[in-house]
Amino acid sequence: MEMTVDNVEGFRRVRLTGRLDLKGTQEVDLNFTGQVAGAKQPVLVDLAGVDYIASIGIRMFLSNVKVLSAAGARMVIVTPRKLVEDVLKLAGLDTVIPISHDLAEAVQLLKGTK
């Protein structure tokens, strides 16, 4: 599992690549939490490179979005593959974290203008 962090239009973007199964989630969890919950700022989570997600990966997102929400910040998931998006929706995560297939739309969601 790989994780990179950059900025898009003033927002932090965390890109994940690989499988968010037990092993993959354990590899990035601490760094992801530091970059997301630790920063307590709005964040885009780019899942274009994630081809599988297990419940432990969903748990990682939920625990981080709770901290962000308490700090008044948002998380938006961007460009998930269909299989990953289906799992996220089946778990109900899309009711807590918006999912977007368009980066510009995701930025607008973070700004609160959409």
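Biologist: Where is the place of D46?

Modeller: D46 lies in strand β3, strands being DSSP runs of E with at least two residues and helices runs of H or I with at least four, numbered from the N terminus. This is a predicted model, in which local features need pLDDT of at least 70, side-chain atom pairs count only at pLDDT 80 or more, and totals for chains, interfaces and linings use all residues. Residues are numbered from 1 along each chain as its sequence is written, and side-chain values use heavy atoms, with hydrogens and water left out.

Biologist: Is D46 buried or exposed?

Modeller: D46 is buried, at a relative accessible area of 12%, where buried means under 20%, exposed over 50% and partly exposed in between, with a 1.4 Å probe and protein chains only.

Biologist: And what is D46 in contact with?

Modeller: Leaving aside neighbours within four places in sequence, D46 contacts R13, V14, R15, L16, V78 and T79, contact meaning heavy atoms within 4.5 Å.

Biologist: Switching to the helices, how do α1 and α2 pack?

Modeller: They pack at an angle of about 15 degrees with their axes 9 Å apart, the axes being lines fitted to C-alpha atoms, for helices over the stretch in contact, and the angles running from 0 to 180 degrees between N-to-C directions.

Biologist: Which residues make that contact?

Modeller: From α1 the contact uses L22, T25, V28, D29, F32 and T33, and from α2 I56, G57, M60, F61 and N64.

Biologist: What does M75 touch?

Modeller: Not counting residues up to four places away in sequence, M75 touches F32, V36, V43, V45, F61, N64, V65, L68, I97, P98 and L110.
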